[in-house]
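Let's work through some aromatic rings together. Have the structure open, and try each task before you read its solution.

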Amino acid sequence: MLIELQDVTKIYNQGQANEVKALDRINLTIPSGSLMCLRGASGSGKSTLLAVIGCVFPPTSGRATIAGKLLSRLPDRFLTMHRRQFIGFIFQQFNILPELNVLDNVTLPLLPVGISPRERRKRGLRLLEQFAIAHRRNFAANQISGGELQRVAIARALINDPPIILADEPTAHLDTRLSEEFMKIISGLKEVGKTIVITSHDPLVTENSAVERIVDIRDGRLHA
Amino acid sequence: MFKTTLERQLNILDYALSSVWRRRLKNLSVMLVFAAAIFLLASFQMTTTALNQAASSMLAKAPEITVQRISAGRQASIPLAYGEKLKAIFGIRRIVPRIWGYHFVEPNRANYTVIGLDPAAMPSGKALGLTLAKGRFFTAGQKGKAVVGQGVVKTMNLADRRNFSLFRPDLTLKPFGISGVFAPGTNLLTDDLIVTTMADARDLFRIPAGMVTDFCVYVANPAEIQTIAGKIAKRLPDTRVLTRPQIQKTYQVVFGWRSGFGSVCLLTALAAFTIFAWDKASGLSPEERREISILKILGWETADVLTVRFWEGLLVSALAFAVGCTLAWIHVVKFGAALFRPVMMGWSVISTSLHLVPDLALADFLLIFAFTVLPYLAATIIPAWRAATVPADSAIR
Amino acid sequence: MFLNSWSLALTLCSAIVFILTAIAARTAVRVLRFWDPASDDTRQIGLESETWLASTLVEYGLGFQIISLVLFALAANHFCSFLTGAMCATGALKANAYGMPTLLIKLAGVFVYGFWIVLHRLDISSESYPLVRLKYGYLVLLLPLLVGDISLQSLYIAHLKPDIVTSCCAVVFSKTASDGHNLLGSFSQASVLQSFYGTATGLAALGLFLHKRWQASLAWLYAGAWAWFLGLSLVAVIAVFSSYIYAMPFHHCPFCILKPEYSYIGFALYGTLLPAAFFGMAGAMIDPLRHRPGLAASVPNFQKMALGVSLFLLVVFVTLTSYHLLLYRLLGGES
């Protein structure tokens with residue numbers, strides 16, 4: 001199992017007046033190479049669950065094993081190193097830095113690892129070519145279309161070749177055509193063995209044939 | 001491992017450069033204010049250095065020892081006979097008596113320095129003519145002749161005239177003929193100077209016969225100055241014995257004190273700038289917060305973001321340092337430190353056109369760096385840390 | 001003599017170092033009191049975040065302390081111009097009883113900061129942060145050192161009187177001085193050179209052996225030899241090498257080589273010797289930590305790196321110091 005959560009609980013501001021239990025004894029296993037959709041309303045805890053799976057922070061209690069690493073109380077530094085290696089993120093509004101060009105945006109995760117400029121360029125261009133946007137490599141991100149932005153975001157998520165891809169409401173701001181295009185790319189990634197978790201309540205996502213499993217989350221608890 | 005570390009630093013530096021450029025307006029405002037603060041401090045420092053160096057080179061040819069008589073705590077005329085007593089001291093190369101004083105001219109309110117001595121008695125007496133722009137030095141036998149400085153020519157309107165007069169204490173006029181004018185390059189020493197024979201100076205100031213103002217004592221071995229000065233003081237207990245090193249140190253202390261005082265005043269400007277820098281660095285815009293949280297979630301560690309901030313701070317301060325020091329240099333060399341001259345050099349009717357050209361070493365730049373860049377970098381640490389600890393999960397909330 | 005640009009800069013620099021370290025020490029005290037790695041509460045998360053601030057402050061502190069040390073040596077050089085009898089920085093430092101102790105405490109500070117950074121880097125290399133308490137306890141102990149630094153420096157500056165006669169470097173470092181401050185009276189050039197090159201060779205041999213096979217006892221010997229070599233090198237620079245750099249047989253000042261007229265070679269000499277000694281000693285000093293959880297790999301890695309750096313810098317240092325001496329001998333100076 002690539003992602004395994006056992007009785008995972010996450011409490012914000014523990015011990016304080018504004019304490020909030022965002023996840024309550026979550027049990028979840030996600031095999032490698034699968035595509036799962038996490039569905040829930042705003043405030044249901046799905047972003048927190050995604051953050052735990054994404055090694056952004058460890059759970060307050062319970063066991064979370066992601067890509068073979070037990071996350072419990074790992075210092076932030078090691079979470080970051082693990083995340084860098086094993087997790088690729090695709091955000092709701094893509095979170096591309098608008099003033100950097102496309103190639104620089106895609107290769108951002110490679111900078112702190114000490115990859116040389118030549119190697120960075122090589123890897124970045126390879127991905128841009130794969131997603132047919134290499135011709136826009138020197139354009140600032142705020143000068144390209146929504147569809148191209150989407151592909152830049154996916155390319156950036158793949159730059160470290162992570163086995164796990166997490167997408168948070170990726171189609172929330174896309175039209176039908178782009179949403180369908182996005183799911184096509186995601187299916188392709190699943191075909192090559194990536195493990196993908198998407199949070200969404202968009203029918204274009206939840207009803208896509210590539211999605212193997214839908215899990216509902218409400219008030220920090222899972223409902224199958 | 002070393003290669004990866006170096007590559008990482010270069011990558012982060014590259015990102016920092018692009019970050020500084022992307023926020024160029026904010027960084028430019030910080031850089032300009034910083035450069036202004038550095039300009040002020042650097043100007044002060046360069047002016048002091050230049051004045052110290054000018055004083056040192058000026059004093060290099062001064063007599064090793066000057067002997068004056070003190071009476072009731074003030075300088076009084078010294079008997080010529082004292083010179084005979086000095087001749088007996090081993091190691092003294094030459095003793096030159098001189099009469100000198102200040103002569104105030106009411107109409108143009110200028111104070112001139114009048115020196116009476118025998119030019120041929122000076123160690124480089126034969127070469128004194130080289131100091132003149134025109135004319136020649138008088139000889140001891142010539143009466144009523146004087147060599148004047150450029151400032152004297154200007155203030156007394158002597159450009160087309162060959163003679164001038166000065167009042168004696170009894171208000172009779174003493175005439176002088178101009179035998180020569182000092183070259184502009186000697187202005188530091190000669191601008192307000194009138195050099196004449198001992199007899200003429202004695203006549204002008206009504207100094208009694210057998211008395212002079214002081215003795216210039218030239219010593220064969222500079223290492224023996226202190227020893228010989230001690231012997232003179234012992235032999236002539238009613239005299240004040242000044243050594244050239246002592247005078248040099250006094251100038252340096254005075255300039256150093258003035259520079260220090262000026263620096264203290266400028267420290268308030270620096271403190272204000274540091275608060276400004278703190279404020280600018282602390283203000284994280286929503287875009288900056290978002291950028292940092294994106295970087296963190298993409299795998300940048302807190303240490304990496306801190307490194308970006310460090311390079312940004314260093315880049316801005318390095319640029320400000322370069323601009324500030326360059327402007328300071330231009331201010332001091334081209335404009336003669338116009339902003340600080342009254343503080344460093346005082347005021348007078350004859351203000352010497354001193355051309356300041358500081359000879360700067362690494363030490364001087366390190367001093368300015370310590371005053372300016374270090375406080376700035378220190379002020380940006382906590383804001384940088386606050387920025388670097390923006391949580392990664394804010395990118396997915 | 002506080003009203004002087006150099007005095008003000010020194011005071012400002014030391015004050016900044018002190019403030020940075022004091023803020024870091026505040027975090028250190030909080031960590032020592034409340035650190036609980038198993039906890040997920042707000043205070044622990046806040047502390048973890050604060051540890052980044054503390055480490056950044058100490059890293060800046062190291063940089064500023066090095067600048068403070070250099071600034072102090074250059075300031076002494078400046079002060080000598082109005083201290084009667086002082087020919088250079090040495091005379092200025094001997095002008096009162098506080099000069100040399102200030103220099104030595106600043107030098108010690110560089111080593112102490114450096115060692116904290118080594119501990120910190122080792123600590124964060126392990127997931128369990130096994131050195132947290134040791135590290136922050138050590139940080140708290142830094143403060144008295146800095147108080148000593150700033151106090152001695154202030155006393156030195158306050159007691160500088162421009163008209164006090166002081167010794168100049170020729171008096172202090174000449175072999176014929178008989179005032180009791182003659183450090184070099186019992187050493188001959190030949191014996192100093194023999195010790196110097198003998199110790200350097202021994203260090204190189206020991207270092208290469210340790211590189212092949214690390215042994216804790218030999219590592220301690222290596223560290224001790226470096227401490228000895230540090231002192232010996234300073235004596236050698238003063239007694240022998242400096243006079244060849246100055247091309248003046250009676251000029252033995254260790255500070256004039258920092259001046260531009262000697263191409264700032266002093267910075268190259270001290271800039272290799274001090275880090276070399278630091279890395280030479282650091283390897284052994286962290287050896288007791290190799291059995292802490294998570295450090296089984298990082299400690300040997302650091303030791304190997306430190307060994308390599310110390311050996312490389314040893315070669316550079318010996319070459320730099322020997323250059324002028326060899327040049328003089330090869331060009332046919334007296335035999």
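Predicted model: local features only at pLDDT ≥ 70, side-chain atom pairs only at ≥ 80, totals over all residues.

**Exercise 1.** Classify the ring pair A:Tyr12 and A:Phe57 and place its two residues in chain A.

*Solution.* 
- Start with the rule: centres must lie within 6.5 Å, and planes over 60 degrees apart count as edge-to-face.
- The centres of A:Tyr12 and A:Phe57 are 6.0 Å apart and the planes stand at 90°, so this pair is edge-to-face.
- Now the places: A:Tyr12 belongs to strand E1 (residues 3–12), while A:Phe57 is in the loop between helix H1 (46–53) and strand E4 (61–66), 45 residues apart.
- Last, the surroundings: buried means under 20% relative accessible area. A:Phe57, at 10%, is therefore buried, whereas A:Tyr12, at 24%, is partly exposed.

**Exercise 2.** Which helices of chain C does the pair C:Phe115 and C:Tyr138 link?

*Solution.* 
- First check the geometry: with 6.0 Å centre to centre and 85° between the planes, the pair is edge-to-face.
- C:Phe115 lies in helix H4 (residues 99–123) and C:Tyr138 in helix H5 (residues 132–158), 23 residues apart.
- C:Phe115 has a relative accessible area of 14%, so this residue is buried.

**Exercise 3.** Find the ring over which the charged end of B:Arg24 sits, then do likewise for A:Arg77.

*Solution.* 
- For B:Arg24 the ring is that of B:Trp21, with the charged end 4.4 Å from its centre.
- For A:Arg77 the ring is that of A:Phe78, and here the distance to the centre is 5.7 Å.

Definitions and conventions: Residues numbered from 1 in each chain as written. Chains lettered and ligands numbered in written order. Heavy atoms only, no water. Phe/Tyr/Trp six-rings, centres within 6.5 Å; stacked < 30°, edge-to-face > 60°. Helix = DSSP H or I, 4+ residues; strand = E, 2+ residues; numbered from the N terminus. Buried < 20%, exposed > 50% of the residue type's maximum accessible area, 1.4 Å probe, protein only. Lys NZ or Arg CZ within 6 Å of the ring centre and 35° of its normal.
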